[in-house]
Structures are given as structure tokens and as C-alpha cells.
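Hi everyone, thanks for making time today. Let me put the chain up on the screen, and then we'll walk through it together.

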Amino acid sequence: MTAQAYSNQLESTFNSLPGWLQDPLRPIYEKMDEGLKWVAGHPEDLLRAGEIYSQLGRQIDQLGRQQAADRAR
């Protein structure tokens with residue numbers, strides 16, 4: 001799921017609530033939305049970085065397995 005889709009999903013979920021419920025929850029929603037944007041910065045960059053870290057994790061795992069196999073010989 002892209003950051004844009006997630007953002008749209010969050011907004012869509014809030015907007016799907018009845019108006020009488022949106023009104024009292026709006027300040028909470030806006031603070032939460034602001035906090036998510038502050039933490040995430042540029043969500044697309046965050047998603048790209050996540051994929052890079054995931055690839056690095058797989059490479060490190062592969063290197064560890066290779067070292068263990070080399071030691072076992």
C-alpha cells in the first residue's frame with residue numbers, strides 16, 4: 001500500500017463517519033493526522049527507505065547463512 005493510499009484510507013475512514021460523530025472527533029483526528037505527517041515526513045520517501053532496509057536485511061541474513069555454512073565445512 002502506498003503512502004498516498006494509506007493517507008486516503010485514513011481520511012476516507014474519518015469522512016465515512018456520520019457528521020454528528022465527526023464534529024467531536026475532528027480535533028483528535030486533526031492532531032493525529034498532523035502527528036503522522038510530522039513523524040512520516042514525506043511518506044513516499046519513508047516507504048522507499050523501508051524497502052531499502054528490507055533488502056539490506058535480506059542481504060545480511062544471506063551473508064550470515066553463508067558464513068555459518070562456511071564455518072560448518
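A word on how helices are assigned here: helices (H or I, at least four residues) and strands (E, at least two) are DSSP runs, numbered from the N terminus.

Before going on, please keep in mind that this is a predicted model, where local features need pLDDT of at least 70, side-chain atom pairs count only at pLDDT 80 or more, and totals for chains, interfaces and linings use all residues. Residues are numbered from 1 along each chain as its sequence is written, and side-chain values use heavy atoms, with hydrogens and water left out.

Back to our pair. Asp61 and Arg65 form a salt bridge, with their closest N and O atoms 2.9 Å apart. By salt bridge I mean a side-chain nitrogen of Lys or Arg within 4 Å of a carboxyl oxygen of Asp or Glu. Are these two residues buried or exposed? Asp61 is partly exposed at 40% relative accessibility, while Arg65 is exposed at 58%. The cut-offs are these: buried is under 20% relative accessible area, exposed is over 50%, and partly exposed is in between (1.4 Å probe, protein chains only).

How many salt bridges are there by this rule? The count is three. Another one joins Glu51 and Arg58, at 3.5 Å from N to O. Glu51 is partly exposed at 40%, and Arg58 is partly exposed at 46%. Then there is Arg73 with Asp70, at 3.3 Å from N to O. Here Arg73 is exposed at 75%, and Asp70 is partly exposed at 40%.

Now for the nonpolar side of the story. Ile52, Tyr53, Leu56 and Ile60 make a nonpolar surface patch of about 450 Å². Patches take residues with over 30% relative accessible area and no salt bridge, joining like charges within 9 Å and nonpolar side chains (Val, Leu, Ile, Met, Phe, Trp, Tyr) within 5 Å.

Finally, let's zoom out. The chain has three helices and zero strands, in the pattern α-α-α along the sequence. Of its 73 residues, 8% count as buried. The chain exposes about 6300 Å², with carbon and sulfur atoms supplying 60% of that. These areas come from the Shrake-Rupley method with a 1.4 Å probe; for residues, only the protein chains shown count as cover.
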